[in-house]
Number of protein chains: 6
Amino acid sequence: MFYHDRKLQFPVRVEKPNPHFAKMLQQAIGGVEGEIRVCLQYLFQAWNSRGPVKYRDMLLNTGTEEIAHIEMLATAVALNLEGASADVQEAMAKGDGMVGAIMGGTDPRHILSAGLGAMAADANGVPFNGSWVVSSGNIAADMQANVYAESTGRVLATRLYEMTDDRGMKDMLAFLIGRDTMHQNQWLAALEDMGGLKAAMPIPNTFPQSQENTDVNYTFFVTSMDQSQQGGQGRWNSGESIDGKGTFRTEAARPFGDVPQLGKPDKQAHAQAEQLDGDGQSSFLSAAADFVRSV
Amino acid sequence: MFYHDRKLQFPVRVEKPNPHFAKMLQQAIGGVEGEIRVCLQYLFQAWNSRGPVKYRDMLLNTGTEEIAHIEMLATAVALNLEGASADVQEAMAKGDGMVGAIMGGTDPRHILSAGLGAMAADANGVPFNGSWVVSSGNIAADMQANVYAESTGRVLATRLYEMTDDRGMKDMLAFLIGRDTMHQNQWLAALEDMGGLKAAMPIPNTFPQSQENTDVNYTFFVTSMDQSQQGGQGRWNSGESIDGKGTFRTEAARPFGDVPQLGKPDKQAHAQAEQLDGDGQSSFLSAAADFVRSV
Amino acid sequence: MFYHDRKLQFPVRVEKPNPHFAKMLQQAIGGVEGEIRVCLQYLFQAWNSRGPVKYRDMLLNTGTEEIAHIEMLATAVALNLEGASADVQEAMAKGDGMVGAIMGGTDPRHILSAGLGAMAADANGVPFNGSWVVSSGNIAADMQANVYAESTGRVLATRLYEMTDDRGMKDMLAFLIGRDTMHQNQWLAALEDMGGLKAAMPIPNTFPQSQENTDVNYTFFVTSMDQSQQGGQGRWNSGESIDGKGTFRTEAARPFGDVPQLGKPDKQAHAQAEQLDGDGQSSFLSAAADFVRSV
Amino acid sequence: MFYHDRKLQFPVRVEKPNPHFAKMLQQAIGGVEGEIRVCLQYLFQAWNSRGPVKYRDMLLNTGTEEIAHIEMLATAVALNLEGASADVQEAMAKGDGMVGAIMGGTDPRHILSAGLGAMAADANGVPFNGSWVVSSGNIAADMQANVYAESTGRVLATRLYEMTDDRGMKDMLAFLIGRDTMHQNQWLAALEDMGGLKAAMPIPNTFPQSQENTDVNYTFFVTSMDQSQQGGQGRWNSGESIDGKGTFRTEAARPFGDVPQLGKPDKQAHAQAEQLDGDGQSSFLSAAADFVRSV
Amino acid sequence: MFYHDRKLQFPVRVEKPNPHFAKMLQQAIGGVEGEIRVCLQYLFQAWNSRGPVKYRDMLLNTGTEEIAHIEMLATAVALNLEGASADVQEAMAKGDGMVGAIMGGTDPRHILSAGLGAMAADANGVPFNGSWVVSSGNIAADMQANVYAESTGRVLATRLYEMTDDRGMKDMLAFLIGRDTMHQNQWLAALEDMGGLKAAMPIPNTFPQSQENTDVNYTFFVTSMDQSQQGGQGRWNSGESIDGKGTFRTEAARPFGDVPQLGKPDKQAHAQAEQLDGDGQSSFLSAAADFVRSV
Amino acid sequence: MFYHDRKLQFPVRVEKPNPHFAKMLQQAIGGVEGEIRVCLQYLFQAWNSRGPVKYRDMLLNTGTEEIAHIEMLATAVALNLEGASADVQEAMAKGDGMVGAIMGGTDPRHILSAGLGAMAADANGVPFNGSWVVSSGNIAADMQANVYAESTGRVLATRLYEMTDDRGMKDMLAFLIGRDTMHQNQWLAALEDMGGLKAAMPIPNTFPQSQENTDVNYTFFVTSMDQSQQGGQGRWNSGESIDGKGTFRTEAARPFGDVPQLGKPDKQAHAQAEQLDGDGQSSFLSAAADFVRSV
């Protein structure tokens, strides 16, 4: 269960409220790279955790920390939306051109729906979506999802950092960027803790590789019409594979299969008459119809 | 631009059509771990690629291959939905109990909306969502997104493999699992091609670490009430950080900030009277209203 | 069934077309606080209504009225998007700064997708979502959903009222604000009609309170680390509960439960090897796999 | 900021794992009536809170408590998905009919995507959506949103209670139902704390009622073709309004407005030629095109 | 504005309640082929209508009729979910196998969220989405959208017809199928009213064809690797085009363009260092950052 | 399976980068009228194709071509977002007013999330949605869906054409507009290939019209209160129907059905007590509860 402190994890100061920046900060709250996502992702991974308890504990600590990051950013949005900033008023006084800037790059729902507060949405007002929360039941896949989340998260935070020269905002973002550095390292450390990348791969490492198609599992396929373009010559074209369990090679893509042959349409599915020349028929639909009728 | 071959990349055979399995296969088509996602993700990364052209070429090859994987799976869904399977008919003949199985685990839209074909949706009929397509403009972040996608993708494929003993389906999935093995290796090879993980981290590696908060960038924060639970003792608690640029340490989480103080509600935002005891006011909303009125 | 009158419920006049305001009005059409939502909500509640017929009739009347409100707002959007307004042309003539205002705060899809008409979307172009339509089968819960909808709806309408000084728009909004006043009263009147709030609560009133956990059903839990912060001293800390069936008290939050213990991962779900040290296993997945294979 | 305890707020025991019930419990996690919604809703209301600090503190306490409720339900899902339940195995042994029950009412993504864990989705696998999080900036509207959320939440929990006779699940749900009782009372207590419903209404109470359309603000409009059906005779047809600021009356709905007249289509918006017979034209689109071209 | 009649447009009788069929009927209510979509689509087209008023009137009549179709289907769902059907009880008495059928193919939210009523969602519980509502501002494009909607709508209705042998449901669906026949004809009649398909095409007919690329506007491109597969020989390969304004021809697809060349990544967008070897830079991002900082 | 050429199908040149236009172009990539939609739509129709193989081949050719259109537009977005355009810099130099234009009409996620590249989203940043992909299993319905898609697609492209005077962009759009002309003709040619519109209608043509309600299948219903408004006199009011299988007539809408009667609420669904006066009860819910409890 959870407790709170009324204080923020890190100070949130806004020297000069800026509704454009408030809109941009929403990406770090409710966007696919944002804090609601990592918060729920780490907590669900903890709650669903099976196996050694230390990973669950680790996830619970960091998931809980992330709630505080949402809080900081929501506070930053609210502060950027408020205030009798002399600069803004002055700009307004300058006339029509500047007001365009004011309305233009802002989110109207910050006014209309939230009354000058933060929302669970991204920088375009698209709502947070639970499909982004990854908890796969395989801890190595989860760690990769977390490394990805912290990578795009840190990229986003550095871009926000560049967009402002408000000292308070830069300090807050520098804190969040620092935490992203730690978390990128942390999830990779967890993989190392389990034996390292080679041991972990290919993820999941519990599926016997003898059962996968071993003709193609270390082959780079070139689909280019001009086979001289082999995806560029790179580490992926030849040499030992990263997992140490195979050797990269490069081949021209070609079909191993044939032209697919589907059966005739099912009569009860009401295809057009022109599709029905023949006698094949799907029994599944007929059976389904019989069943629904028979209950 | 693109060309096609009427033949499939790998043979798709279904020995015994199974509408339950058709429903499950949808997760590999239109789900967050599925092939539409990786196809669009690699293609958008290629199309948006800036910097050395070899990465663009690599991405274009693999993105193009993934279209063929959607095709294989869509064919597999259509084949699983059709046919006069004697086994199914026999089961139907057994009576009421079995028909429950027939309708129960199937997707009604496979009949109602698609006429026994595949859809751009997941195993629960939730439509594919473009927000899953990651193309960040930072190639290392993109590679991490790709490693994650292929990790959860291979986990999904191995689970589907376990769910069927149709030889044709197992062969197709073994092919896809093999390709996932290659692609996990491939994206990590690209990172190695760029100098390896240490050089790449923290992602993005173009933001000077001196500007991030260096007090907290290698610290594991423990939010647990019982500080003896330090996230379990693990690789992440102490020692050199994975990126080789810091040293892990562990600290109790505590607030660096204070209780946040927002201003009074804006009058024109029509908060309740009870919120308004005071004289503060946000000039942004007033300015915005003035502007909208003035155009 | 339904009929229409070509005339509007209330006049919609736009003195000075304003595409920024057209964008804002979309929130009142297709937003979560908007008219499509309440229209469908009241109609679905009517159509699903079980119990005394007078509530169904009441809902049908007001649901039907709301269609006319969508119509008024759609008309207002179309009118705000059109016209050879001299003011706008003049602003354009003033030069570059003003055109920024024109494009900036507008919805490009008003031009590109709707050809200067209204859309079933909110002020950010996010489509209307059917999940907002509440029809719970419990009439008191539905009435609370309706009071909420009309409360945020009226807040939205008053904010739109502040954003414009177009007399026609102010008149239309004053009408809608007035109707929201009625509808707030109406849904509460329906609750009173059923015996009042005390009789209705806790909703649903058909679940015997003896079966709920009576140790905690009137307790305010304080999760704050500093117990002196008791959520502020307020009506909710002590005294008779609002439903008259209990007494408020305040307690520090504490765990009644223990650390959760999940079983080992299922082998066929392909967790990582490192999660599998032990012999527990979920039979559900195994059974599921056996079943899917056996059909 | 936030802290955690490894222990649960209330014990979660599952006597007999039931994947059907796991699917149903998802509604209470990621559904519109679920705990992620109320958790984020109360926390965003706290973080955006302007005005007396006691309301912020109250919201922070309860928002923090709700995280623990998500945790309990996620644990319950994981426990219902696992285990070597003798009953299930026995049912499987009984043959084909029962396996239909096993697959039929379950969520395939519990296996395929989550590896027998909980997801941020509803009982149909539809992802949690951030648009449900209400934080309007008007505290009375927010309280109404919260009363609604706890009303449908308690209705949901009582239905789940009826669906199971697992003693552990019933105990957990009885706890959650008890908390819903408290929270329904709590949000109404907050309204009372601010002066009670009459003072609060119509929400927002800061918009002068003299500016709303006072001809229609306490009128029940009858849209029925048969005017004898006046929405049923009820509390809403006559007598003092609930807010004490008006008198209910009933009238036949009729148009106050006229047939709307939109202008001719804009030439550059490429309507069909048949729509263009005339010379009217929208200058907005022309201006917009000029602008985009001119940048 | 709108009025209602308490009576249904067509009788809705359910002889034998069937919750499986209730789930399927949801597709016709809230699915992409369903009645909420066409209802809102025709009404928005009417409300946004510019040009001859007769089309607006036509759309208003049919849009209003469609509300009655949602009502009929919602009633059908509610009736299919209720009742003390002896057959179902008997099936339940038969034991475990049959209950699988009962839960399996049903929507748990019909119980949990709607209390045995209809929802604004499709057969998988995916909510209605406003993006489906087409109102383009070009009446010919709108008519094509309507023909499509009624085509997939009638296909859906005929499949539902096949799924039931409940006489009441068959009668209701026969009515809806008949109406779909009319509406397919009606939208094509509107196109004929405007001069017929040749005059209408290519839609929009107000864009001068001399401005489109006349080298490719009647060419069927073959992307197949085997040019002997020319999309099959069909009406589209040669002969006069359908719009009578060109001649079909067939060509092998080939690139008219060259390999695309994007500039170097912008420094402030924090690509990886490895992408930055060069001196190009996007001034847009720099300018944007300067601006946000300068407000 | 699929192959690629590094070259574009048609040259993409941007003379003067324009981030506003980049935002608008997104509608043609990830919007409901966009190229991802038609690409996936034609490919899924091909992959699901049953019946004569020539239609499958045709669809596969055009679906493959559309991938190249996404590629062209993504390239156009990337090019519009980049570059050291002197004009933009000059505008920036002009001062505050112009920077408003720069930020205002742009998509912040083009910077924050995509690093100056294209996204799988529309012009408002709303993600592509798989529900738009139509593949119904009835080829005539699919062709109508395709005609609609190309009609709104061409309308969109002509509007984009009007918005720019960048010669490169106009050339690219003229190419796409030309292809839309072909594709509108192509899908109608396919219908003609199958025997023409009369033979195809009503779609599906495999459902015997004797089974639809023949009292209403060619009747235009007037829901207007003023029966003199008969939807305007048009082709749809009288004369032979378009499909040649009936005669249009016009009638006043009236109810054929009666007031619907639903049963009492189910006790276990926990309606309010006030809804329960009577003894009716739904056995379905009771049975369901019994079942879930009994597994």
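Analyst: The model is a predicted one, in which local features need pLDDT of at least 70 and side-chain atom pairs count only at pLDDT 80 or more, whereas totals for chains, interfaces and linings use all residues. Residues are numbered from 1 along each chain as its sequence is written, chains are lettered from A and ligands numbered from 1 in the order in which they are written, and side-chain values use heavy atoms, with hydrogens and water left out.

User: Are C39(A) and C39(B) buried or exposed?

Analyst: Buried means under 20% relative accessible area, exposed over 50%, and partly exposed in between (1.4 Å probe, protein chains only). C39(A) is buried, with a relative accessible area of 6%, and C39(B) counts as buried at 6% relative accessibility.

User: What area is buried between chain B and chain A?

Analyst: The size of an interface is often given as the accessible area lost when the parts come together. Buried area is that loss for two parts (1.4 Å probe), summed over both. Between chain B and chain A the value is about 10,300 Å², and carbon and sulfur atoms give 68% of that area. With contact meaning heavy atoms within 4.5 Å, 125 residues from chain B and 125 residues from chain A take part.

User: Which side chains meet in a salt bridge there?

Analyst: A salt bridge requires a side-chain nitrogen of Lys or Arg within 4 Å of a carboxyl oxygen of Asp or Glu. By this rule there are 4 salt bridges across the interface of chain B and chain A, including the one between E192(B) and R235(A), at 2.8 Å from N to O.

User: And how many helices and strands are there in chain A?

Analyst: Helices (H or I, at least four residues) and strands (E, at least two) are DSSP runs, numbered from the N terminus. Chain A has 10 helices and 4 strands, and of its 295 residues 76% count as buried.
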